[in-house]
Amino acid sequence: MNAQTALLPVAAAARHSFDSPLQSRVLEDVLHLQNLPLESATLPALDVAYRLVGPVGAPVVAVLGGISAHRRALTVRGESGSPGWWQRVLYDPALRLADRYQVLTLDWLGGPDGTRIPPAAGPAPRRPVITTADQAAVLIRLLDGLGISRLAAVISASYGGMVAQHLCAAVPGRVGQAIILGCAHRPDAMALARRHIQREILRLVDDERGVALARSLAMTTYRSGAEFNARFGATGGGDGLLAYLDHHGRKFARRFDARSYTCLMDSIDGHEFPPARLVTPTTLLGFTTDELCPPDLVRSFAEALPRLR
């Protein structure tokens with residue numbers, strides 16, 4: 001696949017604006033890798049789908065989101081399609097990240113998008129178990145392939161924060177700082193329990209309906225009870241809440257199948273990282289309403305970090 005490159009105006013004079021005098025490169029392509037060692041296997045070949053957006057020559061930051069994230073974290077004027085999944089953050093006028101940095105994103109290995117696990121050879125092919133360390137290994141090979149010797153920062157949330165930990169531990173001299181939101185060094189026990197139920201749903205209902213239902217259950221953990229009451233408590237019989245859950249479940253199921261969903265949930269559950277290995281200057285952000293990574297877990301991670309900012 002040939003690189004899709006364009007010079008487009010990028011920046012934010014206001015929260016929703018795309019206008020700027022700066023010239024930004026939009027590079028969206030696939031990097032072909034060979035002989036990628038994973039923790040459970042070696043992939044003879046892999047195509048990594050990535051996207052690099054920002055002023056030419058500016059420092060690079062890697063942006064890593066949750067399991068539903070993909071390479072399209074932000075879009076610029078002149079591009080078709082909906083805004084990126086982190087559009088408001090990357091174009092926030094108080095941060096001006098998209099003005100000052102090139103933003104590197106990629107599709108997760110084992111997910112439903114462009115970085116797909118190739119079929120294995122043999123009569124009964126098995127998909128390798130994908131770990132958060134494997135995702136970091138893919139990102140490192142991507143940096144090497146693009147000639148990026150150093151990241152100014154890795155900005156990460158949820159699953160991406162787990163990957164960021166391994167990235168910084170593997171190549172500490174190549175990352176200026178780590179910013180990790182809603183993530184710790186291990187999964188929370190209640191989150192493990194909920195994902196077990198989600199996997200059982202996928203096993204019992206092995207089709208798009210099962211994916212939608214499992215995702216609807218997950219949506220109940222992404223918002224607090226107080227927010228649900230404020231948004232939907234006044235509607236009769238909870239119809240608004242049920243419609244909300246159904247909408248997001250069906251939307252997710254249009255991208256994910258049960259196999260890719262299970263692959264990335266298993267990757268989360270297998271994450272276990274020794275905080276002492278994270279020597280990169282690190283900023284942690286937790287949320288009091290986070291039911292997947294509660295503040296006490298973030299706090300215990302923070303207390304064990306050697307270079308907490």
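**Entry 1: helices 7 and 8**

I started with a pair of helices: helix 7 and helix 8 cross in a right-handed way (the near helix is turned clockwise from the far one by less than a right angle). This is a predicted model, where local features need pLDDT of at least 70 and side-chain atom pairs 80 or more, while totals for chains, interfaces and linings use all residues. Residues are numbered from 1 along each chain as its sequence is written, and side-chain values use heavy atoms, without hydrogens or water.

Helix 7 covers residues 225–232 and helix 8 covers residues 239–253. Their axes come within 9 Å and cross at roughly 115 degrees (lines fitted to C-alpha atoms over the stretch in contact; angles run from 0 to 180 degrees between N-to-C directions). Which residues make the contact? I found F228, R231 and F232 on helix 7, and G240, L241 and Y244 on helix 8. Contact means heavy atoms within 4.5 Å. I sorted these residues by class: 4 nonpolar, 1 polar and 1 charged (nonpolar: Ala, Val, Leu, Ile, Met, Phe, Trp, Tyr, Cys, Pro; charged: Asp, Glu, Lys, Arg; polar: the others, Gly among them).

**Entry 2: helices 3 and 4**

Next I took helix 3 (residues 132–146) and helix 4 (residues 159–170). Their axes come within 8 Å and cross at roughly 65 degrees. The crossing is right-handed. From helix 3, I listed T132, A133, Q135, A136, L139 and I140 in the contact. Helix 4 brings Y159, M162, V163, H166, L167 and A170. My class count reads 9 nonpolar, 3 polar and no charged.

**Entry 3: residue Q177**

I then followed the chain to Q177, in the loop between helix 4 and strand 7. I left aside its neighbours within four places in sequence. Q177 then touches A152, A153, V154, T280, P281 and R309. I also checked I155: it is 22 residues from Q177 in sequence, and 8.6 Å away in space, C-alpha to C-alpha.

**Entry 4: the second largest pocket**

I155 turned up again here. The second largest pocket holds about 280 Å³ of space. It has 16 lining residues, and L95, L97, A153, I155 and I179 are the closest to its centre. Which elements give two or more residues to the lining? I noted helix 1 (87–90), helix 2 (97–100), strand 6 (153–157), strand 7 (178–181) and strand 8 (282–285). The lining has 13 nonpolar, 2 polar and 1 charged residues.

**Entry 5: the cavity**

I counted 1 cavity of 30 Å³ or more. On a 1 Å grid over protein atoms alone, a 1.4 Å probe fits in a cavity but cannot get out; a pocket is open, with protein on both sides within 12 Å along at least five of seven lines; lining residues have an atom within 4 Å of a point. Points join across faces, edges and corners, and volume is the space filled by probe spheres.

The largest cavity holds about 40 Å³. Its lining is V63, L64, G65, A69, H70, W85, T105, L106 and W108. I sorted the lining into 6 nonpolar, 3 polar and no charged.

**Entry 6: the whole chain**

The protein chain has 10 helices and 8 strands (DSSP runs numbered from the N terminus: H or I of at least four residues, E of at least two). Of its 309 residues, 50% count as buried. I looked at contacts between residues at least 6 apart in sequence: 70% join residues at least 24 apart.

Note on methods. Buried < 20%, exposed > 50% of the residue type's maximum accessible area, 1.4 Å probe, protein only.
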